[in-house]
Amino acid sequence: MRQAWLWPAVVAATIAAAPAWAAADPPELTNAIRTLDAGDVRAALPVVQRYALNGVNSAQNELGWVYETGHGVPVDYREAVKWYRLSALNGGASDQNNLGRMYESGLGVLKNYTEAEKWYGLSALQGFPMGQFDLAFLHDRGLGTMPPFDQTVALYKKAADQGLAIAQYQYALCAKNGHVANGEAVALDYLGRAAGQGYGPALDALGRDHELGHGMPQNHLLAFEFYRRGAEAGDGSAMSHLAALYEAGRGVARNYPEAIRWYRRAVDRNIPQAAYRLGIIAEFGLVDGVRNAAEGFKWVRTAADAGNLPEAQNHLGLMYAEGRGVAPDATEAARWFRRAAAQNSAAAMENLALAYKNGIGVPVDPAEARRWHELAGTHTVAPPTPVLPTPTVADLLSGTGAPSARP
């Protein structure tokens, strides 16, 4: 039987041999680190290097960070790993975690999840909150030894209870998904803690709860406020949701320029739903009644290329099939219908069935047409909408509200 969450005795001995928190640094080193952080490399780097060579963990940590980020020196991941490792072997909890991160990412060393798990575990055993979180998150993604999930949840809670916002958010998700007793109340508590620290995803999640009335009365005004705070904190999902409120006029007066501004900012943070909405706004002329199919195609293609938004892929297929904003191309249309259908889009399955029935972009094949039509029947097909209405917020949040099946 596989052992999980057990660490070799030699590991425990290594931790016991070194204190978790070193004595206060000498003033000379403290000043040098501050100077180096401020950008004065020439004056401070030699001092930090001297202390690092003498085995001072904070100096070794600083050098690892300097070389990892290229702070005043060329980026050198191997050099960063060297200094992180020296501090980690000396019991530095922060650098044990940093070294685990380098192994997980494959920076300066070969990617190795076993090594990442080991170093995260060493850090976590010292009570370092980021080490606890990173170990839990590694296991949460199915990497490493995969202990029982309740141990992963417990690690999230330990880090969360030390005030780590990202762990508070993740523990809240565990509670929402039924892995914690009294889940809704616990989730709201920990989301509130993370949001109180300005953590964008938590602010976005609270906005969604208020917007959709999950575990609380529906309140568009509060949803708007949480989305706004999350967007201003830099969270792309909150930006997209805030734009949706501006577009639909919920919790705030409808304002297409503001919606477009926030959708564009969300696109910069790789939110494909935002690109899709920009495409719909342009294609159907929702701002001023002037349709711009070419601009619409550009944004819909951006959303479709992200690979995980089948409604955008299906819509792109329609644009190729009908020559909307792009030269007609039946082969490309069928290709995009197929990509969306592979992600269980019933509308795309119906479009692919029509393509096989009529030989549009693919050979005529009644058997394939029938197969795709039957597959579509096992899913819900949204009725075609020839002219796009102003979507509801629920539509915008789910990525629907656009024509999704070929008439």
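I looked up F297 and Y320 and found both buried (buried is under 20% relative accessible area, exposed over 50%, partly exposed in between; 1.4 Å probe, protein chains only). The model is predicted, so local features need pLDDT of at least 70 and side-chain atom pairs pLDDT 80 or more, while totals for chains, interfaces and linings use all residues. Residues are numbered from 1 along each chain as its sequence is written, and side-chain values use heavy atoms, with hydrogens and water left out.

I then listed aromatic pairs and got 6 (ring centres of Phe, Tyr or the six-membered ring of Trp within 6.5 Å; planes under 30 degrees apart are stacked, over 60 edge-to-face, the rest tilted). The ring centres of F224 and Y246 lie 5.5 Å apart with planes at 85°, so I logged the pair as edge-to-face. F224 sits in helix α13 (residues 220-232) and Y246 in helix α14 (residues 236-248), 22 residues apart (helices are DSSP runs of H or I, at least four residues, numbered from the N terminus). F224 is buried at 12% relative accessibility, and Y246 is buried with a relative accessible area of 12%.

The rings of F297 and Y320 also pair edge-to-face, at 5.4 Å centre to centre and 90° between the planes.

Next I checked α8 (residues 129-140), which has 12 residues. I found 9 of the 12 buried, including F133, L135 and L138. The buried residues of α8 pack against α6, α7, α9 and α10 (contact is heavy atoms within 4.5 Å). I also noted that ring pairs link F133, F137 and Y156 into a cluster.

Conventions
Helices (H or I, at least four residues) and strands (E, at least two) are DSSP runs, numbered from the N terminus. The expected span of a helix is 1.5 Å times one less than its number of residues.
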